[in-house]
Amino acid sequence: PIDDAGATILAECKSLTELNLPSTVISDTGLSKLCKLPLMQLRLGSPNVTDTGIASLSQLNGLKFLHLVDVPITDAALPGLEKLESLESFYLD
């Protein structure tokens, strides 16, 4: 699975708008690197992302579709998601 080092490499793809990573081991550090992309759609699965990591998603001003798979977040992550004003669709599996 893709880890933080892989996320760093993906973050170099500056025109990437859709990212489908349903089974990774990315941590909050790797997720923060991906949040520098102009993502409109993100599907991410990782047991290593926390509520703090989810807060970094607020940097994704153009994010419209978010699908989190097996990401162990709590209610504490919701204020960070609330900042995603462009969000049209949110799935939490």
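Guide: pLDDT is the predictor's confidence in each residue, from 0 to 100. This is a predicted model, in which local features need pLDDT of at least 70 and side-chain atom pairs count only at pLDDT 80 or more, while totals for chains, interfaces and linings use all residues. Residues are numbered from 1 along each chain as its sequence is written, and side-chain values use heavy atoms, without hydrogens and water.

Visitor: Which elements have the lowest and the highest mean pLDDT?

Guide: The lowest mean, 90, belongs to α4, and the highest, 98, to strand β2 (residues 41-45). Such names refer to DSSP runs, numbered from the N terminus: helices (H or I) have at least four residues and strands (E) at least two. The protein chain averages 96, and 100% of the residues score at least 70.

Visitor: Why is Leu 84 called buried?

Guide: Its relative accessible area is 6%. Buried means under 20%, exposed over 50% and partly exposed in between (1.4 Å probe, protein chains only); therefore Leu 84, at 6%, is buried. Leu 84 lies in the loop between α4 (78-82) and β4 (89-92).

Visitor: What is Leu 84 in contact with, leaving aside its neighbours within four places in sequence?

Guide: Contact means heavy atoms within 4.5 Å. On that basis Leu 84 touches Leu 57, Ser 58, Leu 60, Leu 63 and Leu 66.

Visitor: What makes β3 and β4 a pair?

Guide: Two strands pair if DSSP finds at least two bridges between them. Four bridges join β3 (residues 65-69) to β4, so the two strands pair, and they run parallel. His 67 stands opposite Tyr 91 in β4.
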